[in-house]
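Here are my notes on the model you sent. Please read them alongside the coordinates.

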Amino acid sequence: MLSQALKSLLRPDKRVVVLTGAGISAESGVPTFRGEDGLWKKFKPEELATFDAFISNPQLVWEWYEYRRKLISEVKPNPAHHSLVKMEDFFEDFHLITQNVDGLHQKAGSKKVIELHGNIKRNKCIKCGQEFEELEFSSKEIPPKCTCGGMLRPDVVWFGEMLPAQAINEAFKVSSLCDIFFSIGTSAVVYPAAHLPVVAKQGGAYLIEVNIERTELSDLADEVFLGKAGEILPEIAKVIREA
Ligand code: BJW
Ligand code: ZN
């Protein structure tokens, strides 16, 4: 299934970057944002994933995140997440960048994960910025309040907000320097993350896409694996084991 070109590239000394999106967690039971079963078929993004939406309806937004937190706490990483742990062990220079906020890469055992859009488990105060882990606060208010009186919000990146500077800077740096770039389970429509594969390709990387359907990135990719991440990535991990 893997081309000879890719097989010959899968050596420990190659610099590898992986970008993941909601599709990698779909087989764990986490709904994606867009597409057939997309979360946003049911909820409009502009009603929920912006700071303005939070200010105009904090209870609704908080409860949407609570619903997703519960769902995420009950699911397990799938073979795609586990294959990336094997890749991290195999390649000497390996970077895993995720747009996901579900923490499933860490749950699978990935040691170093660059989280571009935050993590749904954490909250932060909209007034003083203090961070809180999910169960750290006892307030029954919805949304709970910080000791300074400010409302808590999930520590994720909403539309119109800057990504964490260190994470996005590192992501661009490693993408521009890599030999192989994998784009896995992302519709590649949300910026600046969607620009990472482009930068990698411009830097000379071999670009591989894994997705159940073609995306805006497909034409740029050197190889497109059309299929489920949970089936394709174990194949790649198998080739690595045999290398
Ligand atoms: C499978 C599978 C299986 C299924 N196996 N595959 C116009 C042009 C360019 C940019 C902009 C613009 N207008 C506005 C912008 C900027 C905006 C943006 O990009 N908008 C676009 C939508 C146009 N970006 C921002 O605002 C970002 N900030 C920013 O730019 O700051 C600078 C700035 C600040 C102020 C002013 C101006 C500039 C922030 C973006 C934050 C995104 N946040 C979210 C929500 C996070 C919190 C939460 O979870 O609630 O992040 S949105 C949502 O989309 C989430 C995701 O991380 C992100 C990406 O989605 P992803 O992961 O690709 O998921 P899907 O569902 O789209 O795709 C899943 C894919 O999997 C599909 O392709 C399936 O086929 C596939 N799949 N099952 C393999 N089993
Ligand atoms: Zn505060």
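1. Two strands are taken to pair if DSSP finds at least two bridges between them. The model is predicted, and the pairings below are computed from it under that criterion.

2. Strand β2 (residues 93–98) has two parallel partners. Strand β1 (residues 15–20) is joined to β2 by 6 bridges, the two running parallel. On the other pairing, β2 and strand β3 (residues 113–115) share 3 bridges, again in the parallel sense.

3. Individual bridge partners can be checked by eye.

4. How many of the residues of β2 are buried? Of its 6 residues, 5 are buried, and the strand is accordingly described as mostly covered. The cut-off for buried is under 20% relative accessible area.

5. An open sheet is formed by 3 strands with antiparallel pairing, in the order β5-β4-β6. β5 (131–132) and β6 (152–156) each have a single partner strand and stand at the edges, so one side of each has no neighbour in the sheet. In general, strands of a sheet pair through backbone hydrogen bonds, in either the parallel or the antiparallel sense.

6. Strand β4 (residues 118–125) is paired with β6 over 4 bridges, antiparallel. In this pairing K124 stands opposite R153 of β6.

7. Helix α5 (residues 58–73) lies across β4 and β6. The angle between the helix and β4 is about 140 degrees.

8. Which residues coordinate the zinc ion (ligand 2)? The donors are the SG atoms of C125, C128, C146 and C148, at 2.3 Å. Along the chain these donors follow the spacing C-x2-C-x17-C-x1-C. C125 belongs to strand β4 and C146 to the loop between β5 and β6, so this pair ties together parts that are 21 residues apart in sequence.

9. The site of the zinc ion (ligand 2) is tetrahedral, with angles of 100 to 118 degrees among its 4 donor atoms. For comparison, the ideal angle for four tetrahedral donors is 109.5 degrees.

Conventions
Residues are numbered from 1 along each chain as its sequence is written. Chains are lettered from A and ligands numbered from 1 in the order in which they are written. This is a predicted model: local features need pLDDT of at least 70, side-chain atom pairs count only at pLDDT 80 or more; totals for chains, interfaces and linings use all residues. Side-chain values use heavy atoms; hydrogens and water are left out. Contact means heavy atoms within 4.5 Å. Axes are lines fitted to C-alpha atoms, for helices over the stretch in contact, and angles run from 0 to 180 degrees between N-to-C directions. Buried means under 20% relative accessible area, exposed over 50%, partly exposed in between (1.4 Å probe, protein chains only). Donors are N, O and S atoms within 2.8 Å of the metal (3.2 Å for Na, K and Ca); water is not among the atoms, so sites may look incomplete. Four donors count as tetrahedral if all angles lie between 85 and 135 degrees; four count as square planar and six as octahedral if opposite donors are over 155 degrees apart and all others between 65 and 115; anything else is irregular.
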